[in-house]
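Let me put the structure up, and then we can walk through it together.

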Amino acid sequence: MATVEVAFTPLPAHVRTARLVATAVARRSGVDEALLDEVRLAVGEACSRAVEAHRRHCPAEPVRIEMTDQGERFVVVVRDSAPGPSSAPAGTPAGTPGETRAAQPANGASAPQSVPEAGDDGGMAIPAGFGLAVISGLADDVRVSSTSSGVSVQMSWPSTSTSAPA
Amino acid sequence: MDLKLGHYNKDGIEVVDVEGEIDVYTAPRLRELLIDLVNKNNYQLVVNMEKVEFLDSTGLGVLVGGLKRVRAHDGSLDLVCTQERILKIFRITGLTKVFGIHGTVDAAIAAKKSEN
């Protein structure tokens, strides 16, 4: 069982919350202070990727994160539920507003209008998949597995836990 | 901490002060500001990142997008950053070769002026 699990509505605003939780749990699990910035950035990248995939394919489904203190390793798994590769070719219809409403918070109207898409004309010049490249530069152990039910990104860092479950 | 943006002109160069976290949520605001500045014919930009606490690939994308826009007008976009945690992200992505990165706003402005 994961030490801490988080599920959040796929909105960019919640990615920060996910980062903060992951950093706090990593610290509690004994991850070295010098590595916490890497945990924060890698988890943020994984969550940003998952949020974008959900917003395109299944905006009503939450993004899930599992953080597990395994004693010598602190393991984070970010799972999306987007069918097929998250980098599905253009032409896949984004969710319609009506479908998203159930998962939107009451103040959803103030949320940013869109997750930036790679290659659009809005000044985003970073290609899709760049976030994963950043993750692999940050975590020394990264496993990406893609199934028909979604993509999971597993990352881990060394920890010196003295707080393993009793 | 959310994102705070400000900008001012110094010696003909537009300096953008960024404070807080640049991520998937806040990056669109920085993108809009950069687009707005370019649309107002500011092609020599310095983005001061000394007070940036967090930067992810979305933020990098906005900076690269800004660079593309000013270069289309023969301009340039330089950065001010001395924080190791932020510099590391530019380093692992190879973007240290793409941006001029300086220690102070004055150094960035001086470098730009010597280029022109």
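How many residues lie between β1(B) and β2(B) in their hairpin? There are two, and D11(B) in that turn has a positive phi of about 55°. A quick note before I go on: this is a predicted model, where local features need pLDDT of at least 70 and side-chain atom pairs count only at pLDDT 80 or more, while totals for chains, interfaces and linings use all residues. Residues are numbered from 1 along each chain as its sequence is written, and chains are lettered from A and ligands numbered from 1 in the order in which they are written.

Strand β1 covers residues 3-10 of chain B and strand β2 covers residues 13-22, and they pair in the antiparallel sense over eight bridges. Pairing here takes at least two DSSP bridges. L3(B), for instance, stands opposite G20(B) in β2(B). Helices and strands are DSSP runs numbered from the N terminus: H or I of at least four residues for helices, E of at least two for strands.

Now the helices of chain B. α1(B), residues 27-39, packs with α2(B), residues 57-71, at an angle of about 10°, with the axes 9 Å apart. Axes are lines fitted to C-alpha atoms, for helices over the stretch in contact, and angles run from 0 to 180 degrees between N-to-C directions. The two helices are therefore roughly parallel to each other, as angles under 35 degrees count that way. Among the residues that meet are L30(B) and L34(B) from α1(B), and V62(B) and V70(B) from α2(B). A contact, by the way, means C-beta atoms, placed from the backbone, within 7 Å.

α2(B) also turns up where the chains touch. That contact takes 24 residues from chain B and 22 residues from chain A. On the chain B side, α2(B) gives the largest share, ten residues.

Over to chain A, then, which has four helices and five strands. From the N terminus on, they run β-α-α-β-β-α-α-β-β. Of its 166 residues, 39% are buried, meaning 20 or more other C-beta atoms within 10 Å of a residue's own.

Last stop, the largest nonpolar core, with 67 residues. Such a core is a set of buried Ala, Val, Leu, Ile, Met, Phe, Trp, Tyr and Cys residues joined through C-beta atoms within 7 Å. Those with the most contacts inside it include A46(A), I135(A) and V47(B). V47(B) touches V16(B), V18(B), L63(B), L77(B) and L79(B), leaving aside residues up to four places away in sequence. Thanks, all!

Terms used: Angles under 35 degrees count as roughly parallel, over 145 as roughly antiparallel, 65 to 115 as roughly perpendicular and the rest as oblique. Two residues are in contact if their C-beta atoms, placed from the backbone, lie within 7 Å. A residue is buried if 20 or more other C-beta atoms lie within 10 Å of its own, exposed if 12 or fewer, and partly exposed in between; C-beta atoms are placed from the backbone.
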